[in-house]
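I opened my notebook beside the model today and wrote down what I looked up, in the order I got to it.

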Amino acid sequence: LVLDSEQGGVRVTKTYTLKRGEYDIGIQHSVENRGPTAITPSLYAQLVRDDSKLGGDSYFYTTFPGPAIYTDAEKYRKVSFEDIEKGKNPVAARTPDGWVAMVQHYFVAAFAPLSKGDHELFTRKVGPRLYAVGAIMPVGQIAPNASATHEGKFYAGPQESVMLDKFATDFDLVKDYGWLTLIAKPIFWLMTQLHALLGNWGWTIIFLTILIKLAFFPLSAASYRSMAKMKQVT
C-alpha cells in the first residue's frame, strides 16, 4: 500500500508492506526534496487512544490499558492515562533504539523505528480524553533534488507470544498479567512447551492440569491425612 503527498516542494511517500499471516507491517518513509534549498525534516508517528476502559476485566484484577515505552537504557515503562492528564508522564526520551506501544487487554498496537538516529519517544495528551504515544524521527539534511528514506515497522494484533518475540526486544512485556504475573508467566511458558509437543490446545490443558495436580500432590496428601486424623479425634 503506497500513500504520497507533496507540499512546498517536498514529496513524502509512505509505503506499507503487509504479509499474510503476520501482525507486523513494514513502513517505509521516502522524503524527496524538489525545492531549491536544503531541508532538514523529521518524520512523525503516533498511536492515539481514549481513556475508556474495556469490559470483561476480572473482579479480582485488572490489566493495564494505555501507552508503553521501551528503550535499552530505561527498559519497559508503562505510562497511565492519569499520569499524562496530570502532567506526570516522563520527559520525551531521545534514543537510537526502542519502541512505543498502546496496550489493552489481549491486543496491542506498536511502532518501532528501524533506521539509525536519535529518535524522540513521547507520550502526550492530544485532546479531551485522547492520549498519544509516538516517535519523532530526524531524517537528516536533504539537498535539493535529493531524497532520503526511513524504515520502521508497525504491529497491530493480539498478544501472541511467538509474534511478540519476533517484533522487537522485550516486546512480550506488553502481556500484562496484573499481580498474577509471577504465577501466570511460568504456567503460560509450560503451556507453550506442551502445545509444541502435543499440537492440540485441548490436550495441552488436560496435561497441564495433570502436571499441576502432581506438583501439588504432597500438599494435598498432607491435607487429607490431617483431615483424617481430625475425623478420628472427633
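I started with the charges: the protein has 25 positive and 22 negative ones, and I found their mean positions 8 Å apart. This is a predicted model, so I turned to its confidence next. The mean pLDDT of the protein is 89, and 94% of its residues reach 70 or more. Which elements mark the two ends of the confidence scale? I noted helix α3, residues 181–198, with the lowest mean pLDDT at 80, and strand β2, residues 10–17, with the highest at 96.

**Overall build**

I counted five helices and twelve strands in the protein. The radius of gyration came out at 24 Å, well over the 17 Å that the globule rule gives for 234 residues, so I wrote the protein down as more spread out than a compact globule. Along the principal axes, the C-alpha atoms fill a box of roughly 100 × 45 × 30 Å.

I then looked up burial and surface. Of the 234 residues, 34% are buried. The protein exposes about 14700 Å², and carbon and sulfur atoms supply 59% of that area. For contacts with a separation of 6 or more, I found that 61% join residues 24 or more positions apart.

I placed Ile25 in strand β3, residues 24–33. Is Ile25 buried or exposed? It is buried: its relative accessible area is 16%, and the cut-off for buried is under 20%. I listed what Ile25 touches beyond four places in sequence: Tyr16, Thr17 and Leu18, and also Gly152, Lys153 and Phe154. I also checked Ile25 against Trp99, 74 residues along the chain, and their C-alpha atoms are separated by 14 Å.

Ala148 was my next stop, in strand β12, residues 146–158.

**Thr204**

I found Thr204 in helix α4, residues 201–215. With a relative accessibility of 0%, Thr204 counts as buried. What does Thr204 contact, leaving aside its neighbours within four places in sequence? I wrote down Met191, Leu194, His195 and Leu198.

**Lys75**

Lys75 sits in strand β6, residues 75–78. I noted a relative accessibility of 43%, so Lys75 counts as partly exposed, between the 20% and 50% cut-offs. Apart from neighbours within four places in sequence, Lys75 is in contact with Ile69 and Tyr70. I also looked up how Lys75 stands to Ala228: they are 153 residues apart along the chain, and their C-alpha atoms are separated by 52 Å.

Which loop holds Arg129? I found it between β10 (119–127) and β11 (130–138).

I placed Asp170 in the loop between α2 (161–167) and α3. Asp170 is partly exposed, with a relative accessible area of 34%.

How values were computed
Residues numbered from 1 in each chain as written. Predicted model: local features only at pLDDT ≥ 70, side-chain atom pairs only at ≥ 80, totals over all residues. Heavy atoms only, no water. Helix = DSSP H or I, 4+ residues; strand = E, 2+ residues; numbered from the N terminus. Rg over C-alpha atoms; globule rule 2.2 N^0.38 Å. Buried < 20%, exposed > 50% of the residue type's maximum accessible area, 1.4 Å probe, protein only. Contact = heavy atoms within 4.5 Å. Areas by Shrake-Rupley, 256 points an atom, 1.4 Å probe, with all protein chains shown as cover. Lys, Arg positive; Asp, Glu negative; His and termini not counted. Charge placed at Lys NZ, Arg CZ, Asp CG, Glu CD. pLDDT = per-residue confidence, 0-100.
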